[in-house]
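Please examine the sequence and the structure shown below. The paragraphs that follow lead through a helix pair and several individual residues.

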Amino acid sequence: MAEQPEKSVLVIHGPNLNMLGRREPEKYGSDTLAVIDMDLNAAGDKLGVRVTCFQSNHEGEIVEKIQGIPGSGIAGLIINPAAYTHTSIAIRDALLLLDIPVVEVHLSNIYRREPFRHKSMTADVATGQIAGFGKTGYILALEAIADMIC
Ligand code: DQA
């Protein structure tokens, strides 16, 4: 029998996450985004899923990236919308286009922080949310998605 093609998972990182390593390390850890993406790729290799990572500081670019998912073969999405979590109806509406597992990830526990971070515009349209475990949260999200799609 022909081998099944490897499943693809997209990871979207929102604004200011390109500054990880230098940005409030006491909240977000000292790893750079490149390290997080490398760890995700290594975890993907073990789980048998292909991981592609994308970062943008622009809401519209994130919306367009999500719009490109249907029909692309991407089978799961991990998204840390960063500050847009708390404001973006546009990203929420784009996520509603998807019928694949979506996990919202936050490095910090947003519910232990300022009240304006307690509200997520996107969590209730995602399959699930992981917050407060630092970069491990991305790996947990990948494992959860791999479980659902493989
Ligand atoms: C964050 C939490 C957001 O409130 C914040 O704006 C971020 C990062 C996190 O990963 O903990 O940029 O999404």
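Helices, of at least four residues, and strands, of at least two, are DSSP runs numbered from the N terminus. The model is a predicted one. On that numbering, Glu114 is located in the loop that runs between β4 (102-106) and β5 (128-131). Its relative accessibility is 31%, so Glu114 counts as partly exposed. The side chain of Glu114 forms a polar contact of 2.7 Å with the side chain of Arg117.

Helix α2 comprises residues 33-47 and helix α5 comprises residues 136-149; their axes come within 10 Å and cross at roughly 30°. Angles under 35 degrees count as roughly parallel, and α2 is therefore roughly parallel to α5. The crossing of these two helices, α2 and α5, is right-handed. On the α2 side, the contact is made by Ile36, Asp39, Leu40, Ala43, Gly44 and Leu47. Helix α5 contributes Tyr138, Ile139, Leu142, Glu143 and Ala146. Sorted by class, the contact of α2 with α5 has eight nonpolar residues, two charged residues and one polar residue.

Asn80 belongs to strand β3, which covers residues 74-80. Is Asn80 buried or exposed? Buried means under 20% relative accessible area; Asn80 has a relative accessibility of 3% and therefore counts as buried. When neighbours within four places in sequence are left aside, Asn80 is in contact with Ile12, His13, Gly14 and Leu17, with Val105, His106 and Leu107, and with Tyr138.

With a relative accessible area of 36%, Ala90 is partly exposed. Which residues does Ala90 contact, leaving aside its neighbours within four places in sequence? They are Glu59 and Val63. Ala90 and Glu59 are 31 residues apart in sequence, and their C-alpha atoms are 7.9 Å apart in space.

Taken by residue, then, the accessibility values read as follows. Asn80 of β3 is buried at 3%. Glu114 is partly exposed at 31%, and Ala90 is partly exposed at 36%.

Note on methods
Residues numbered from 1 in each chain as written. Predicted model: local features only at pLDDT ≥ 70, side-chain atom pairs only at ≥ 80, totals over all residues. Heavy atoms only, no water. Axes fitted to C-alpha atoms, helices over the stretch in contact; angles between N-to-C directions. Parallel < 35°, antiparallel > 145°, perpendicular 65-115°, else oblique. Left-handed = near helix turned anticlockwise from the far one by under 90°. Contact = heavy atoms within 4.5 Å. Nonpolar A, V, L, I, M, F, W, Y, C, P; charged D, E, K, R; others polar. Buried < 20%, exposed > 50% of the residue type's maximum accessible area, 1.4 Å probe, protein only. Polar contact = N/O pair within 3.5 Å; in protein donor to acceptor, adjacent residues only side chain to side chain.
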